Amino acid sequence: MNARPAENIDTANIVGHFINGADIADANRPIPVTNPATGEVTRHVAMAKKTTVENAIAAAEAAFPAWRNTPPAKRAKVLFRFKQLLEERADDIVELLTNEHGKVLDDAMGEFLRGVEVVDYACGIAELLKGEHTKNVGPGIDSWSEFQPLGVVAGITPFNFPAMVPMWMFPMAIACGNTFVLKPSEKDPSAPMLIARLFKEAGLPDGVYNVVNGDKEAVDTLLHDPRVQAVSFVGSTPIAEYIYATGTSNGKRVQALGGAKNHAVIMPDADIDNAVNALMGAAFGSCGERCMAISVAVCVGDDTADTVVSRLQAELQDLKVGNGAEGNNDMGPLITREHRDKVQGYVDLGVEEGAELVVDGRSLRVKDHADGFFLGACLFDRVTPDMRIYQEEIFGPVLCVVRAESQEHAMQLIDDHEYGNGTCIFTRDGEAARFFADNIKVGMVGINVPLPVPVATHSFGGWKRSLFGDLYAYGPDAVRFYTRRKTITQRWPSGGVREKAQFAFPSNQ
Ligand code: NAD
């Protein structure tokens, strides 16, 4: 993150922050935001100082009492209007996503719509917060549990879903009655800022939703400030682990979703044509920059592997790589030049490690885009578990084929891997699929579904080192994560009746 020399910065074009219902200009430590397809610096983004983040926390704290006491049905009205505005401005948001992230437009639309689905779910908050009630838990005694908001909640999000991942968090947190401070990725900050303005336009009171742009200084401020009650994080595993350790040691509730290495198992009886098509989208969609991307295809049996590899090789000849904003490309560039070089370094490493590079995308050049951060799709065969290209998350358009002897062998590989985010199996055998889904040590499982990202009415999370914390993102878990249970027990003794002291612990026996 090198700051450019001050003289090269267009100060009118620095993304600032959104605090207490207003855009806040800031020129502190601006860093460039780049269009990855062209390599052009399109704007800069300010890195919030500690005091700026503290202002956002203070605004959120001041807004909390009134928002907490706003009836859930009224909160839902703001969310309904917000959803409407999001849909009206969908094309503008999607354009920002493609220009700053690089993903192709229809993929950007898909991400955006999956985020809006969480807003849909949050609109049902009056139903979701109803709580639990039991009459006569004891003689004349009633008891109920209610779910109270926590207060100020923070979200810290990655570059790869700049609209959807923040929308996994703040709509549910705010629907539950909390106020929120988001620290989005510094690589593609514009969509989250537009979305925050739309939420205000929908009628959200000032201070309920705030966005601070920044880096470690901003994140550390959120992790250490005692006014922040809970932190939701999505990003790479080393940072997730840091956020979880630091946040929890400061007494905060933390959910920290990390990296992944998602395996698809292709059984010999699978519908191979459909499995190959599914792998193409799941491995190379969004240039492999998805936490649910399939990065390992485990083919059971050499015949299966030979067929899958040759069909993938053929399909990859037709993969259209280019500017996500133009034409009907299938795959855009990687997020930054550094990341492209890192991914390319993994391809070099795979060759050194002895994997067979069947399709080599390293020489790809996109016409008229010499400065874009492109890398063609790469396919490795005969990858083995001792290789770093198998063990580490590459987060690029690189698919590794591993040959397994049996379903058990394939499942053992998955269970032994440090990550456990998503996985899938392609088969026509219901018994094999059921056994896989029941036993595999992974949080999200697809059966003939390559990207089993739960819909908004379920919750999203991985196992092992893909999630630190107990509760998943969005869906029913979000209501639990963003609220504190309180159980109230009440009785109204009849007037005038003299009661004796009871020294035995009360029970119904
Ligand atoms: P990242 O971990 O580099 O950054 C995530 C966030 O943390 C950003 O807001 C960033 O500014 C902040 N951050 C970075 N370094 C920090 C530090 N040292 N201290 C404090 N904060 C810091 O991740 P990324 O590169 O933006 O995103 C890609 C990663 O996110 C991949 O590993 C991917 O698997 C993961 N991801 C996971 C999920 C999931 O649901 N499990 C979803 C999307 C992305």
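All 5 of the 5 residues of strand 13 (residues 262-266) are buried, so this strand is largely enclosed by the rest of the structure. Buried means under 20% relative accessible area, exposed over 50%, and partly exposed in between, with a 1.4 Å probe and protein chains only as cover. The model is predicted: local features need pLDDT of at least 70 and side-chain atom pairs count only at pLDDT 80 or more, while totals for chains, interfaces and linings use all residues. Residues are numbered from 1 along each chain as its sequence is written, and side-chain values use heavy atoms, with hydrogens and water left out.

Both faces of strand 13 are covered, with N262, A264 and I266 buried on one side and H263 and V265 buried on the other. Strand 13 runs parallel to strand 14 (residues 294-300), and 5 bridges join them. I266 has C299 of strand 14 as its bridge partner. Strands are DSSP runs of E with at least two residues, helices are runs of H or I with at least four, and both are numbered from the N terminus. Two strands pair if DSSP finds at least two bridges between them.

Strand 1 is joined by 2 bridges to strand 5 (residues 40-45), and the two run parallel. V15 has V45 of strand 5 as its bridge partner.

A further residue is D330, in the loop between helix 11 (302-317) and helix 12 (337-353). D330 is partly exposed, with a relative accessible area of 35%.
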